[in-house]
Amino acid sequence: MTWCTLQEDIELVQELLGIDSRSLSAELGISRMTFNRWGKNPNQASPAKLEAFYSYAFNRGLRLCEIHAQLFLEESRARNLVPLFHGSKGGIDGPLSLSRSRTDNDFGKGLYCGESLEQAGSFIARFPHPICYFVAFDEHALRKAVFHVNTEWMLAIALFRGKLGDYSGHPALETLTEKVNEADYVVAPIADNRMFDLIDSFIEGEITDAQCEHSLSATSLGSQFVLRSNAALQNVVKLQPHYVCSAEKSAYLEAQRERMRIGSDKVKAAKRAYRSEGRYIEELLS
């Protein structure tokens, strides 16, 4: 894996902190010879050395990933590309391939990307060696399926995660399957574990579709792009890895905990406000 921005980041840290390479290498406990080799071959930087460098920068207030993300957003939009972020537990080896993806995800196999750097960071923050990828995607000439926070999306998530076996063959589910499978990529709300729990409550007949929909809206995490076909993967123009240090992971987790705290209160309010509205799953798929 090539850390394309490592030398750029080193130079940026030196400039922003007003420190020369001799002093920086001494601060990191790295010989100047090793430090200089990074500029010629970023792959020579071990995980421990990457952690030392990026933690050093983050703990001094330098949010390198956010800086690069802002530049990436501007560059991609100027080129009419969709800027996305993909969180990987351990990195992507080799070319992009659908064969490495799980089938029981929100919309089956695919490369799952979000529009927010923070969301991608939150997804991988509990793993020991995560990597955040910046993904520039060319969506032109591809077939798209779009979902919103509504009953159709709730059913689609449950369907592709294998939760609707009791309703197999229902015309509404057949239509949903066709909509997704005909698309090169899907644009839909991001679903996390809290949302899966809410959707499970709906599927199990504990709450109505209206209660579920408004509860899900209260915990919105933005949109995800799911690249489901080889044509979509081939339209990835840029796939650049960025290191996520321990201090940055902690910041993402803290932001996630705060969102969950606020979201939990909103969910309780939504369930109460819409408890007499909507239909149960058996009414929808009778």
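Helices (H or I, at least four residues) and strands (E, at least two) are DSSP runs, numbered from the N terminus. Axes are lines fitted to C-alpha atoms, for helices over the stretch in contact, with angles running from 0 to 180 degrees between N-to-C directions.

Good morning. The model shown here is predicted, so local features need pLDDT of at least 70 and side-chain atom pairs pLDDT 80 or more, while totals for chains, interfaces and linings use all residues. Residues are numbered from 1 along each chain, and side-chain values use heavy atoms, without hydrogens and water.

I begin with two helices. The axes of α7 (residues 151-160) and α9 (residues 193-203) come within 10 Å and cross at roughly 95 degrees. They are therefore roughly perpendicular (65 to 115 degrees). Which residues of α7 and α9 meet? From α7 come W153, M154, L155, I157 and A158, and from α9 M195, F196, I199, F202 and I203; contact means heavy atoms within 4.5 Å. This contact comprises 10 nonpolar residues, no polar and no charged. Here Ala, Val, Leu, Ile, Met, Phe, Trp, Tyr, Cys and Pro count as nonpolar, Asp, Glu, Lys and Arg as charged, and the others, Gly among them, as polar.

I turn to salt bridges (a side-chain nitrogen of Lys or Arg within 4 Å of a carboxyl oxygen of Asp or Glu). The whole structure has 8 of them. In one, the side chains of R161 and D106 meet at 2.9 Å, N to O. R161 lies in the loop between α7 and α8 (171-181), and D106 in the loop between β1 (82-88) and β2 (111-114), so the pair ties together parts 55 residues apart in sequence.

Notes. Angles under 35 degrees count as roughly parallel, over 145 as roughly antiparallel, 65 to 115 as roughly perpendicular and the rest as oblique.
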